[in-house]
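Please work through each task with the structure in view before reading its solution.

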Amino acid sequence: MKMTFRWYGKDDPVKLQYIRQVPAVKGIVSALYYVPVGEAWPKEGIASLKREIEDNGLEFTVIESIPVHEDIKLGRSTRDGYIENYIQSIQNMGGLGIPYLCYNFMPVFDWTRSDLQMKHEDGSTSLSYDHQQLENVDLRKDDFSLPGWATSYSKDELDSLLDAYEEVDSETLWENLEYFLKAVVPVAEKSGVKMAIHPDDPPWPIFGLPRIITDEKALDRLTSIVDSPSNGLTFCTGSLGPNGDMNIVETIRKFSRLGKVHFVHTRNIKRTGTHSFYESRHPTEFGDVDMYGVVKALVETGFAGAIRPDHGRMIWGETGRPGYGLYDRALGAMYVYGLWEACEKCNPL
Ligand SMILES: [Mn+2]
């Protein structure tokens, strides 16, 4: 297992030298944020980010993420060009020895929350999601925005994307994912890159848009599309956790045993109703994810990939990017590292 930490590059208020001071953290999870979605990532750009990370005594372990262009998800005739670019990016990262690529296949919106600063009784804040606030929203009619809303689309662009997705139901989205994976996974395998899809967050359709990577059945289907070690999973416990029907521990055990888990996001959540939850403190007792069970399953199945604490709370007066402060993620890393050492030493293989 390699403990990693997400870093947003030079604009991140959390500096690489601070991350290095978190015991156990050896790897960095990052991306080229300046490359427009759909373009190939230049090798020199990836190399310079890698140098900066290594100059700070850390390793560039995971790219999270190379965004998949909407034309690929929509299955438009222009998708082949974007897939070519994606392949180029994979070859470039593989050529530099970066082993893991996290990506997702969520239409239009990435992770979505209704509140980025839910206040807790101890004065900390964290992200939360209340489905009731969102379920009746019509994005075309309502002048609606969410905190931290992706501003990458104008109103017109958003409308035309929503129109295009009228034709794409979940089955079509699966077909488009299949087309994409059949093209890129063989190249990834040749390039020494392990692709790891991130589950949809939250794991259900929002704003009438389909979402497909939501449960164990979906992970079965995904991994069966191309049988390759380069077609695997980012197992995000906090994204799948709100799906109360899932047994997170047994599911991660199953896929880790199959060698399909390449990257793990350890995040805990507390369900507050059907389709509603908030992000909690990392330890098991504060949320609905059995974090001890998750780590134990990984240890017992010989997990050798990358792991990172996912979103943390804002504590100790820290300000910054919601979910991505230094302090609580550092606590999360140490908690998971502690569980790991205990599981390894108490249950020698
Ligand atoms: Mn995650």
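**Exercise 1.** In this predicted model, determine what span the 17 residues of helix α4 (residues 79-95) should have at 1.5 Å a residue, and compare it with the distance between the end C-alpha atoms.

*Solution.* The expected span is 1.5 Å times one less than the number of residues. For α4 this gives 24 Å, and the end C-alpha atoms are 24 Å apart, so the two values agree. Beyond the helix comes Gly97, with a positive phi near 80°.

**Exercise 2.** Identify the buried residues of α4 and the elements against which they pack.

*Solution.* Among the buried residues are Tyr82, Ile83, Tyr86, Ser89, Ile90 and Met93. Their packing partners are the helices α2 (43-55), α3 (70-74) and α7 (170-191), together with the strands β3 (59-64) and β4 (100-103).

**Exercise 3.** Describe how helix α11 (residues 291-300) and helix α12 (residues 327-346) cross.

*Solution.* First, the axes come within 9 Å and cross at roughly 50°. Angles from 65 to 115 degrees would count as roughly perpendicular and those under 35 as roughly parallel; α11 is therefore oblique to α12. Next, the crossing is right-handed. Finally, α11 contributes Met291, Tyr292, Val295, Lys296 and Val299 to the contact, while α12 contributes Val336, Leu339, Trp340, Cys343 and Glu344. By class, eight of these residues are nonpolar, none polar and two charged.

**Exercise 4.** Which elements cover the buried residues of α12?

*Solution.* The buried residues of α12 include Asp328, Arg329, Tyr335, Val336 and Leu339. Their cover includes α11 and the strands β1 (2-6), β9 (261-266) and β12 (306-309).

Technical notes
Residues numbered from 1 in each chain as written. Predicted model: local features only at pLDDT ≥ 70, side-chain atom pairs only at ≥ 80, totals over all residues. Axes fitted to C-alpha atoms, helices over the stretch in contact; angles between N-to-C directions. Helix = DSSP H or I, 4+ residues; strand = E, 2+ residues; numbered from the N terminus. Parallel < 35°, antiparallel > 145°, perpendicular 65-115°, else oblique. Left-handed = near helix turned anticlockwise from the far one by under 90°. Contact = placed C-beta atoms within 7 Å. Nonpolar A, V, L, I, M, F, W, Y, C, P; charged D, E, K, R; others polar. Buried ≥ 20, exposed ≤ 12 C-beta atoms within 10 Å, placed from the backbone.
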